[in-house]
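Keep the sequence and the structure in view while reading.

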Amino acid sequence: MDVRSAMYNVDPATGERQYLSAGASALPSFYFLFCLAYAGLAAAWVSILLRKRAAVFRIHYFMLAVLVLKALNLLAEAEDKSCIERTGTAHGWDVLFYIFSFLKGISLFTLIVLIGTGWSFLKPYLADREKKVLMAVIPLQVVANIAQVVIDESGPYARDWVTWKQIFLLVDVICCCAVLFPIVWSIKNLREAARSDGKAAVNLMKLTLFRQYYVVVICYIYFTRVVVYALQTITSYRYLWTSVVAGELATLAFYVFTGYKFRPEVHNPYFAIDDEEEEAAAEALKLDDEFEL
């Protein structure tokens, strides 16, 4: 025999069926609001690129592509959840969501690696070891997205579901660790350059920027992987949306920080450095070995 089962809540005001759980019913609205936020950031970024064309590098166009993919991913997810809430099925929006999620995941990790290497704004090429990191991260992201699709489209009752869940977690952790290596290499290279080229103030500014980015990437990874999971575990099922909103807010803050710190600058402040600032920077670099990676 064929059996069809349906689980839903009934809206007390309208009497309509709601196929999303009580804690997820607010997610379509939240996803759409975050989509608008990223669309606004993309528009602001285009404005900055147009106003500061002389200082724009290839990495800045790639950052714009990441913003657009993130906005499209959120739009597809909002429509996916909205259709499920009203009808119980995604009506094809889940396919678009998986496509944009795949592209967004690969582009975000690639962007972190490229910024960590200083590609296009510090140097026009990638070293062999940096290329190897990219060649490792991209296939791992493909595996992670395949695992995510299997996890989402089935459940704990499915054969090998737990195995796919473990694969996804393992691959995600490996990717998160791998993207830190280029940032560490850039910090070490800047330290060595500061001791040899005599431009202490310039190198101290760059070093400070990359150290800040290193710390922020770690905080972003920790929050979105550990804190968000903890929220999912400890909160009531009625407040499932809180962990999703917390993760999206952290991601939005990370995007804003990255765009602000690595925005194109027309006027180079490094040219206006006097001898006292240079000496102070040289002293600061002597003490810089205290910072441990």
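UniProt positions are given in the numbering used here, and its annotations may be inferred rather than shown by experiment. The model itself is predicted.

**Spans from the record**

In an unreviewed entry, UniProt places the feature "transmembrane region" at residues 30-50, 57-76, 96-121, 133-151, 163-185, 213-231 and 237-257. Two of these spans can be compared with the model. Residues 30-50 are 100% helix and 0% strand, with end C-alpha atoms 30 Å apart. Residues 237-257 are 86% helix and 0% strand, and here the end C-alpha atoms lie 32 Å apart.

**Helix α1 and its surroundings**

Helix α1 covers residues 27-51. It has 25 residues and reaches 36 Å from its first C-alpha to its last, close to the 36 Å expected at 1.5 Å a residue.

Which residues of α1 are buried? They are L27, P28, Y31, F34, C35, Y38, A42, W45, I48 and L49. The cover over these buried residues includes α2 and α8, the latter being residues 240-261.

**Salt bridges**

The structure holds four salt bridges.

| Salt bridge | N to O distance |
|---|---|
| K70 and E248 | 3.3 Å |
| D80 and K81 | 3.8 Å |
| D172 and R225 | 2.8 Å |

Take the pair of K70 and E248, with its 3.3 Å between N and O. K70 is in helix α2 and E248 in helix α8, so the pair links distant parts of the chain, 178 residues apart. Both K70 and E248 are buried.

The next pair in the table is D80 with K81. With a relative accessible area of 6%, D80 is buried. K81 has a relative accessible area of 19%, and since the cut-off for buried is under 20%, K81 is buried as well.

In the remaining pair, the side chains of D172 and R225 meet at 2.8 Å, N to O. Is D172 buried or exposed? D172 is buried, with a relative accessible area of 11%. R225, in contrast, is partly exposed, with a relative accessible area of 30%.

N145 lies in helix α4, which runs over residues 128-153. Its relative accessible area is 14%, so N145 is buried. Which residues does N145 touch, not counting those up to four places away in sequence? Its contacts are S101 and F102.

**Looking back**

Two points can be checked in the structure. K70 in α2 and E248 in α8 are joined across 178 residues of the chain.

Technical notes
Residues numbered from 1 in each chain as written. Predicted model: local features only at pLDDT ≥ 70, side-chain atom pairs only at ≥ 80, totals over all residues. Heavy atoms only, no water. Helix = DSSP H or I, 4+ residues; strand = E, 2+ residues; numbered from the N terminus. Expected span 1.5 Å × (residues − 1). Buried < 20%, exposed > 50% of the residue type's maximum accessible area, 1.4 Å probe, protein only. Contact = heavy atoms within 4.5 Å.
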